[in-house]
Amino acid sequence: PWLAVPFNQLVIQQIKMRYAVRGIPSLIVLDSVSGQVVVQATESRGEVAQACRLGSEQAIVVMFESWLQRVPADTQEMIRLLQLSITEDKVGATEDSRSRTE
């Protein structure tokens, strides 16, 4: 789900000014916790183009991982904790499943 802004609205001009949007499409990566810009539209355009030119899924994964490294430390810590909780949930579910079959 992407946020859509009605055409010909003042909001469009405000967004363009705030995030330095120069054209469509534009991709700006925001930290969902702080709202801080992590990757500007000018950077993302070049990075996406380069990853696509390389033509491998791994290049895209590397690009996304580099973007994740740019988010603030607090957000990185939250991501790490979420990953740990998911891992623990999977391990717990596997152990529960094994104990039920025994």
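## Starting at helix α1

Ile15 sits in helix α1, which spans residues 10–19. A helix here is a DSSP run of H or I with at least four residues, a strand is a run of E with at least two, and both are numbered from the N terminus. A quick word on the source: this is a predicted model, where local features need pLDDT of at least 70, side-chain atom pairs count only at pLDDT 80 or more, and totals for chains, interfaces and linings use all residues. Residues are numbered from 1 along each chain as its sequence is written, and side-chain values use heavy atoms, with hydrogens and water left out.

Ala20 is in the loop between α1 and β1 (29–30). Its phi is positive, about 55°, although Ala20 is not a glycine. Most residues other than glycine have a negative phi. Ala20 is partly exposed, with a relative accessible area of 30%.

## The nonpolar core

Now for the inside: the largest nonpolar core has 8 residues, namely Val29, Val38, Val39, Ala51, Ala59, Met63, Trp67 and Val71. Such a core is a set of buried Ala, Val, Leu, Ile, Met, Phe, Trp, Tyr and Cys residues joined through side-chain atoms within 4.5 Å. Two elements, β2 (37–39) and α3 (57–68), each give two or more residues to this core. The largest share, 3 residues, comes from α3.

Leaving aside residues up to four places away in sequence, Val71 touches Asp31, Val38 and Gln76. Contact means heavy atoms within 4.5 Å.

## Charged partners

Side chains of opposite charge can pair when their charged atoms come close. A salt bridge needs a side-chain nitrogen of Lys or Arg within 4 Å of a carboxyl oxygen of Asp or Glu, and the count comes to 3. Arg70 pairs with Glu43 at 3.4 Å, N to O. This pair links distant parts of the chain, 27 residues apart: Glu43 is in helix α2 (residues 41–54), and Arg70 is in the loop between α3 and α4. Arg70 also meets Glu47 in a salt bridge of 2.9 Å, N to O, so Glu43, Glu47 and Arg70 are linked in a network of salt bridges.

Arg80 and Glu77 form a salt bridge too, at 2.8 Å, N to O. Both lie in helix α4, 3 residues apart, which is about one turn of the helix.

Methods
Buried means under 20% relative accessible area, exposed over 50%, partly exposed in between (1.4 Å probe, protein chains only).
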